[in-house]
Amino acid sequence: MAEIELKTAPADFRFPTTNQTRHCFTRYIEFHKCVNAKGDDSGECEKFAKYYRSLCPGEWIEKWNEQRENGNFPGPL
Amino acid sequence: MIESQRHSYHLVDPSPWPISGSLGALATTVGGVMYMHSFQGGATLLSLGLIFILYTMFVWWRDVLRESTLEGHHTKAVQLGPRYGSILFIVSEVMFLFAFFWASSHSSLAPTVEIGGIWPPKGIGVLDPWEIPFLNTPILPSSGAAVTWAHHAILAGKEKRAVYALVATVSLALVSTGFQGMEYYQAPSTISDSIYGSTFFLATGFHGFHVIIGTLFLIICGIRQYLGHLTKEHHVGFEAAAWYWHFVDVVRLFPFVSIYWWGGI
């Protein structure tokens, strides 16, 4: 019987505060920058996706995805 | 001072201006709210209130000039009042502008996720600080130097020279306001363009508004100097204008460094 491993994003010293909003946002941006630079199936970007998915509320991700589609995402991509 | 008076304080006569100013302020406030909510007659009441306030300002200050310059009620002891008053007013003005620089720094030092965590926010056009803003920055301190020239001329009793110095001071002030107007006219963003536009135009706009108030104050001093109201020993109005002007010219350095330069690159 294989144990299911449950993990959240590792602690990141850039975001030492209790409020992890900026951590979530930065990981979201890092994922998309990584995909833009290395392509969808390089396999290197998956870790960033795991991080932001465990840090960010689902509604935020939906909103940002929508904004990227509409070309009005405010972050530095 | 009246011969029979045994003290050096000015016991003022009853005056209608406090109540007329209050009524003007009431009409302005109510009219302003009505106007902004598109009530009928709002604009009329607002204009009426503003005219009432301007009228009160004119006649009240006219009375003060008569009491001080013509009737000689402003003894050394009485002069302390407007001096402390001016200083406290300027202190409150410092706090007022401090709030806007606080707002600007609050929004720009750690930009929120909503604006993408970057400053200036994406898509907001900012002014090049090394063009008009940089050109405009030394003009106000120069004007501050010119007002010091006027002060020394007054203290030395050189009446004509003081008028020339005040003309120079006011001219520099007008050039500065002209540049600011040009800058706003050509600006790539407006006050409704994100938190950047809100904080930028609130801080620089209120500073510009204070420059205009200071300029009017100096123009009045120039006219009074021309009319011979100010003497070597007695020129509290001029001193208050000069203090105010130094406050305004020094404050210009803060928006330049923190908003135009640091916040715009």
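**View 1. Lining of the largest pocket.** The lining of the largest pocket comprises 27 nonpolar, 11 polar and three charged residues (Ala, Val, Leu, Ile, Met, Phe, Trp, Tyr, Cys and Pro count as nonpolar, Asp, Glu, Lys and Arg as charged, the others, Gly among them, as polar). The model is predicted: local features need pLDDT of at least 70 and side-chain atom pairs pLDDT 80 or more, whereas totals for chains, interfaces and linings use all residues. Residues are numbered from 1 along each chain, chains are lettered from A, and side-chain values use heavy atoms without hydrogens or water. The pocket holds about 1600 Å³ of space; of its 41 lining residues, B:W61, B:L65, B:F217, B:I220 and B:G237 are closest to the centre. On a 1 Å grid over the protein atoms alone, a pocket is an open set of points where a 1.4 Å probe fits, with protein on both sides within 12 Å along at least five of seven lines; lining residues have an atom within 4 Å of a point. With 12 residues, α7(B) gives the largest share of the lining.

**View 2. An aromatic pair in chain A.** The ring centres of A:Y28 and A:Y52 lie 5.0 Å apart with planes at 75 degrees, so the pair is edge-to-face (rings pair if their centres lie within 6.5 Å; planes under 30 degrees apart are stacked, over 60 edge-to-face, the rest tilted). A:Y28 is buried at 0% relative accessibility (buried: under 20% relative accessible area, 1.4 Å probe, protein chains only), and A:Y52 is buried at 3%.

**View 3. An aromatic pair in chain B.** The rings of B:W119 and B:Y196 are tilted, with centres 5.3 Å apart and planes at 45 degrees. Both residues, B:W119 and B:Y196, are buried.

Key. Grid points are joined across faces, edges and corners, and a volume is the space filled by probe spheres set on the points. Helices (H or I, at least four residues) and strands (E, at least two) are DSSP runs, numbered from the N terminus. Rings of Phe, Tyr and Trp (its six-membered ring) pair if their centres lie within 6.5 Å; planes under 30 degrees apart count as stacked, over 60 as edge-to-face and the rest as tilted. Buried means under 20% relative accessible area, exposed over 50%, partly exposed in between (1.4 Å probe, protein chains only).
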